[in-house]
Amino acid sequence: MSTTDVTVTSEDSQKKTANPTENRPFVLKKWNALAIWAWDVECDTCAICRVHLMEECLRCQSEPNADCFVVWGDCNHSFHHCCMSQWIRQNNRCPLCQQDWVVQRTGK
Amino acid sequence: MPIRTFLKDNGVQFDQEWAKAHPVVQSLLYQKTVTPADWQDLFLWVYKINSWVEEGATQIRDTLTTDIDRYVKEAGARIRSHKTESLLKVYIKEWKRYFKQTNILPLPFKVIDGTTVAIKSSSSAAGGSSNPPEAADSIKSVMLDKWNSKIFEEMSEALLADALKLIEDERNGLLIDAQSVVGIRESFVALNDNPDDVLGVYRKTFERSFIEQTVEYYRNRSAEYLAEAGVLNYMVYADKKLDEEQKRAEKYLEMSSPSASRHMDKCVMVLVESFEDQILAECSTLIVKRDVERLQRLYRLIRRTRNGIETVLKCIDCHIRTEGLNDMRNNAESMATDPEKYVQQLLAMFDRFSSLVREGFCDDARLLTARDKAFRVVVNDSSIFKVEMSSKKGRPLSVESKCAELLANYCDLLLRKTQLSKKLTSEEIDEKLNQVLLVLKYVENKDVFMRFHRAHLSRRLILEMSADQEKEEMMVAKLRECGMPSDAVNKLSRMLQDIEVNKDLNSNFKKALVGTNNNKCASDAINIKVLNGGAWGRGGSEKIRFSLPRELEDFVPEMEAFYKKQHNGRKLCWMHHWSSGTMVFGTSNGGRFDLDVTTFQMAVLFCFNERAHEKISLETLRLATELPDAELNRTLLSLVAYPKMKSQILLCDLPIISPRDFTDSTVFYINHDFHLIKNGKIQLRGKVNLIGRLQLSLEANAEKEHEGIVALREFRVQEGIVKIMKMRKTITLAQLTMELVEILKPLFVPNRKIIKEQIDWLIENRYMERRSDDIQTFVYLA
């Protein structure tokens, strides 16, 4: 392993000039890339509480240690889990498309 | 009554039995020795007579009363005949003896106290009388009554006068026999002619005269003393006298009397309240001079008055406000730019005021409240350090103190790797953070603090500049403790958690890079952070469009592929305005520098590769990077005119550099003479951080930042009003305003303007309406 590692490094450094040259005075040494992730969904707000899915639902925002996650139905619509569990007590259908509510997956 | 008849002939004769008892009674009365056997027999004899002789109790009572009567007469004669000693002294001597007996002699006769009542009541019941059964006086009260009618009534006035004379002597500094006064008081107390109000006589005579005399005594003296010695000395005098009178009252007055406190009230009136204005006039001067000793005295005097403390509160309030604001005004210039100095100054002031209240006023709760109120005014003062809050449409909404922002900046200085935080020990940092929280309690616009604190925290975490992860966590816990809104605090703690999660992600990513492509070089160079959009905000402002330089762009698909494998169902949004990196910069003069730069700076600098000696116009740079104008100007400015740096990375053709003068044709080129200066020597190696404050805020600039705050406030006000209306259904404007302020206080204090605007909005959108007959009352519309 160690021998291959060494060869790779030397190859790389030959291929990519790690040192600045007269013509290329700027060379990358380190890049700290940064991205934000969000659920890949059609509608990014919870239709029940109107809060963005990436944030805690209204109820959980005022709780100090709430565990608020997102739940998807078979219809591919997504809501806060806490909002949905309140909702299905009265009506076991998706509030957006009226299909029977079946949990497809949850995301934390 | 067969039993009674039988009892009649049982052989017990009153005369016979009493003859045995009488000498013992006499001995007791005249304070002669009585053997224990006789003492016990006396109980028996009395019992026998009471039980076996008809009307025995009455007979005992009659003879006993005669005996007492005789004794009292003799004592009275003795008191009157004594001329060598003062009346008071003789009286007290006699009274002491007699009083002692009133506690002993009645004991054997306790049984007849009861039976007398019983017989009387039964006879009155038999007679069918409607009079309520009347209890015969006990032997003790017979004794006291006799003393009263035969001796005391006649000479009470003379005695009282004597006693008061003694007290006056004592006030004048003479030594007196305190027991005499106490004895007289006891006589007065013992003279209870009304069983419902035991102290009635005493209060009407002794207590009243005592108080009157006290007032009389001080009335003229105090005024004279004040005129003669001045108010400062008078305070010493009054303080001393009050103290003395307090002790005197405890000694000479019956403290169980409901009106006993009138004495001190009157003393305060005559000694303090009559000169209250003069004393209080000294208050401000003493506070300014911090004459703690005199203030303490003043406080002791004024504390007892009814309204004096109000003036003291006003003085303190005024003092803290003026001194606090003057302090700030004098140091305004240096404080505005130096959050450390600002916070230190505030804390020093707070300490000073607190110790004034503690030392001068014994931490009186009313004064502590006044201190808090005044300090709040100082902290929230917007005349020196102000920030104008305006809404999106540019309307000014309120002018607020900059305190919240400066506090957040100071926190950042303590928590970030800075000169300051390196200098301090861990304990010192903790202490300073606690001080920040102390001041924060007084800040009204806490939402501004939280927003800035959050911006600073994200910057520290993203750029990995936190001095100590534990401290960050502690700070979040403390903010929670001191009642910051939990949704805001939750976000902070989620940010901290998220960063931890990311460390794993980043190391997995590096392993994957090595494993799949054998790309060791890239694995060394690239770090990724993928943050939870909910915790960090969606980048704050709208995403900045921008094209990555080729050198970086290559890595993006690789990172996205990797992330997709790890987390299905998530989409990534690149936040290049938050990312950064390090570049190596080699000048043609042989210089070699590591530059810490933002990704935007990187993009601009990479444009110069392959064109190291060319001049590039701003227009070309814009085409290459696709950065928006404002962002491009900011970035270029940081490269051509980075503060505190003698030589700059890039040069431009403008004589005086100002971003307003940048035009499309302004040209930029590499400074091949770039160097650093350390200890006066030119360095061709080194590390430069050019990130500075570029990535400070979530928003592009301060105005946007304030707009964000105002927008959030508008929502909070709407939310609050609807919440109250839902509960109350109908409410007046005044009541609504009060409740709203109460709800929103942990975040900010809404002013009239914002409340009015949001009420209008809610009315327009039919959440509520004004009542037709009263436009100041609102009705909730469901």
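Trainee: Why does Glu626(B) count as partly exposed?

Mentor: A residue is buried if 20 or more other C-beta atoms lie within 10 Å of its own, exposed if 12 or fewer, and partly exposed in between, with C-beta atoms placed from the backbone. Glu626(B) has 14 C-beta neighbours inside 10 Å, so it counts as partly exposed. Before we go on: this is a predicted model, where local features need pLDDT of at least 70, side-chain atom pairs count only at pLDDT 80 or more, and totals for chains, interfaces and linings use all residues. Residues are numbered from 1 along each chain as its sequence is written, and chains are lettered from A and ligands numbered from 1 in the order in which they are written.

Trainee: What makes Cys362(B) exposed?

Mentor: Cys362(B) counts as exposed because its 12 C-beta neighbours inside 10 Å meet the limit for that class. Gln40(B) is exposed too, because it has 10 such neighbours. Gln40(B) sits in helix α3 (residues 36-52) of chain B, and its C-alpha atom is 8.5 Å from that of Pro108(B), 68 residues away along the chain.

Trainee: What is the phi of Cys362(B), and where does this residue lie?

Mentor: Phi of Cys362(B) is near 50 degrees, a positive value in a residue other than glycine. Most residues other than glycine have a negative phi. Cys362(B) lies in the loop between α16 (339-361) and α17 (365-379) of chain B. Glu626(B) has a positive phi as well, near 60 degrees, and belongs to the loop between α29 (618-625) and α30 (629-640) of chain B. As for such names, helices (H or I, at least four residues) and strands (E, at least two) are DSSP runs, numbered from the N terminus.

Trainee: Why is α13(B) called oblique to α16(B)?

Mentor: Helix α13 (residues 292-303) of chain B and α16(B) pack at an angle of about 60 degrees, with their axes 7 Å apart. Axes are lines fitted to C-alpha atoms, for helices over the stretch in contact, and angles run from 0 to 180 degrees between N-to-C directions. Angles under 35 degrees count as roughly parallel, over 145 as roughly antiparallel, 65 to 115 as roughly perpendicular and the rest as oblique. The angle of about 60 degrees therefore makes α13(B) oblique to α16(B).

Trainee: Which residues make that contact?

Mentor: From α13(B) come Val292(B), Leu295(B), Gln296(B) and Tyr299(B), and from α16(B) come Glu359(B), Gly360(B) and Phe361(B). Two residues are in contact if their C-beta atoms, placed from the backbone, lie within 7 Å.

Trainee: What makes β7(B) and β8(B) edge strands?

Mentor: Each of them, β7 (616-617) and β8 (650-652) of chain B, pairs on one side only. Two strands pair if DSSP finds at least two bridges between them. Their open sheet has 3 strands in the order β7-β9-β8 (chain B), with antiparallel pairing.

Trainee: How many bridges join β7(B) to β9(B)?

Mentor: There are 2 bridges between β7(B) and strand β9 (residues 667-670) of chain B, which reaches the cut-off of at least two. Within this sheet, Ile616(B) stands opposite Phe668(B) in β9(B). The helix α30(B) packs on the sheet, touching β8 and β9 of chain B, and its direction makes about 105 degrees with that of β8(B).

Trainee: Which strands of the two chains pair with each other?

Mentor: β1(A) pairs with strand β4 (residues 570-574) of chain B in the antiparallel sense over 5 bridges. One bridge partner in β4(B) is Arg570(B), which goes with Trp39(A). The contact takes 36 residues from chain A and 51 residues from chain B. On the chain A side, the elements that give two or more residues are α1 and β1 (26-39), and β1(A) gives the most, with 14 residues.

Trainee: How do you know which parts of chain A to read with care?

Mentor: By pLDDT, the predictor's confidence in each residue, from 0 to 100. In chain A, confidence is lowest in helix α1 (residues 2-15), at a mean of 39, and highest in strand β3 (residues 78-80), at 90. Over residues 1-17 of chain A, pLDDT stays under 50. Where pLDDT is low, the predicted coordinates should not be read in detail. On average, chain A has a pLDDT of 77, and chain B has a mean of 82.
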